[in-house]
Number of protein chains: 2
Amino acid sequence: MEWVVKVGGSLFPDDAIKLCQTLVGTESIVICGGGALANKLRAYDTKVQFSDTANHKSAIMCMDILGMLVADKVDGAEAVHSLEDAKKTIGDGKLPILLPYLIMEYLDPLEHSWSVTSDSISLYISHLLKTKLLIATDVDGIYTSYPSQTGAKLIKNISAKKLLNFGETSVDEILPELLLQYKSECYVVNGRRPERVISIIEGKNSKYTLIGGN
Amino acid sequence: MEWVVKVGGSLFPDDAIKLCQTLVGTESIVICGGGALANKLRAYDTKVQFSDTANHKSAIMCMDILGMLVADKVDGAEAVHSLEDAKKTIGDGKLPILLPYLIMEYLDPLEHSWSVTSDSISLYISHLLKTKLLIATDVDGIYTSYPSQTGAKLIKNISAKKLLNFGETSVDEILPELLLQYKSECYVVNGRRPERVISIIEGKNSKYTLIGGN
């Protein structure tokens with residue numbers, strides 16, 4: 001296995017399903033974001049203020065739900081709960097979609113806060129597996145300012161250190177810290193363009209942002 | 001333990017939290033509906049059409065999420081995954097909130113369809129435990145027509161057999177069938193009025209609908 005592909009929750013359902021269909025046979029492991037379900041929980045939290053741990057656990061359960069639903073719609077994909085089953089699934093020529101709740105419950109390696117999302121969780125899993133990480137989101141990568149603003153330019157390469165003080169981007173706040181800690185890197189790519197994701201996996205050029213933690 | 005109290009997802013978060021706070025010390029076991037999260041999944045299903053099993057499982061995961069969050073906010077409540085832990089929790093003078101995913105995954109007793117919701121699941125659990133069932137929802141009970149329509153009257157007693165052909169009500173479609181099968185009964189009560197729920201638990205009169213399956 002060479003890649004962990006984090007499929008952003010904002011791509012659910014149609015674009016997430018299409019992207020995963022394209023990924024069957026690539027020896028990747030997919031992790032899905034919690035999307036609109038996790039956003040709903042954030043809104044409840046703003047209103048009611050749950051504990052950090054309850055928020056953390058319930059948001060990861062949303063990742064399991066969307067992952068299970070994507071696996072349900074993709075021929076050749078299989079929802080798995082363990083890294084061992086993920087490897088077996090790839091061995092069978094299928095695409096494993098990892099439901100991370102049980103792994104995160106037992107290992108509990110990351111802080112419990114809304115700054116840790118499926119981006120950081122996917123990086124952690126890719127670190128465990130010693131694979132590369134690709135984050136498929138709903139924009140082309142990281143921009144010099146909000147993508148919708150005039151003059152915003154896509155950044156091709158950025159250091160995680162620089163990203164630390166970058167304000168809000170399309171990846172979560174803890175990701176740059178973890179990239180530095182793991183001396184790792186990750187691609188941020190538009191998941192609505194599956195051909196870009198495939199290009200990167202095949203080592204070809206494409207449109208993306210590469211965040212370097214070395 | 002004498003009662004399973006199903007706390008409707010429409011009561012989440014504030015009214016669900018208040019009701020459960022009132023239930024601490026009553027020797028009840030709570031099961032939460034999936035509320036807005038499950039409704040979101042229904043909407044996705046209408047758009048994308050997932051398998052019945054994927055819908056069934058993911059909707060039950062929503063029940064686990066809301067149950068965990070309610071337990072997080074209620075002093076004296078504890079989220080549990082098994083009937084044994086539920087009994088222990090009551091023995092400790094606390095209120096168990098059962099997260100039913102694992103039980104339903106292992107026993108899988110009900111059909112997989114949107115006609116089975118947390119109502120039927122709660123009835124199944126109360127049947128396993130040989131307790132009474134109370135469904136706390138966001139209306140006063142079952143009405144002769146939609147509660148919002150002029151002239152709609154609250155029904156005090158109705159047979160499950162009659163309810164079978166009643167069209168859409170505040171309980172799920174399979175509940176009357178299961179009540180007949182188990183020769184059981186259940187109270188439908190307004191969960192925004194915790195004093196009514198307590199009255200019924202204490203054997204006093206109150207405002208409710210009693211559905212009889214005998």
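Reader: Lys130(B): buried or exposed?
Author: The model is predicted: local features need pLDDT of at least 70, side-chain atom pairs count only at pLDDT 80 or more, and totals for chains, interfaces and linings use all residues. Residues are numbered from 1 along each chain as its sequence is written, chains are lettered from A and ligands numbered from 1 in the order in which they are written, and side-chain values use heavy atoms, leaving out hydrogens and water. Buried means under 20% relative accessible area, exposed over 50%, and partly exposed in between (1.4 Å probe, protein chains only). Lys130(B) has a relative accessible area of 74%, so this residue is exposed.

Reader: Where is Lys130(B) found?
Author: Helices (H or I, at least four residues) and strands (E, at least two) are DSSP runs, numbered from the N terminus. In chain B, Lys130(B) sits in the loop between helix H6 (118–129) and strand S5 (132–137).

Reader: What is the phi of Lys130(B) near?
Author: Most residues other than glycine have a negative phi. Lys130(B) is not glycine, yet its phi is positive, near 55°.

Reader: And what is the phi of Gln49(B) near?
Author: Gln49(B) lies in the chain B loop between helix H2 (35–48) and helix H3 (52–73). At 56% relative accessibility, Gln49(B) is exposed. Its phi is positive too, near 60°.

Reader: Which residue does a cis peptide bond join to Phe12(B)?
Author: Omega is again about 0°. The partner is Pro13(B).

Reader: As by what axis are the two copies related?
Author: Copies are superposed by least squares on the C-alpha atoms of residues with pLDDT of at least 70 in both. A rotation of 180°, with 0.0 Å of shift along its axis, superposes chain B on chain A (RMSD 0.0 Å). The copies are therefore related as by a two-fold rotation axis.

Reader: Which residue of chain B comes closest to the rotation axis?
Author: The distance is taken at the C-alpha, and the value is 3.1 Å. The residue is Leu37(B).

Reader: How exposed is Glu111(A), as a relative accessible area?
Author: Glu111(A) is in the chain A loop between helix H5 (101–107) and helix H6 (118–129). Glu111(A) counts as partly exposed, because its relative accessible area is 44%.
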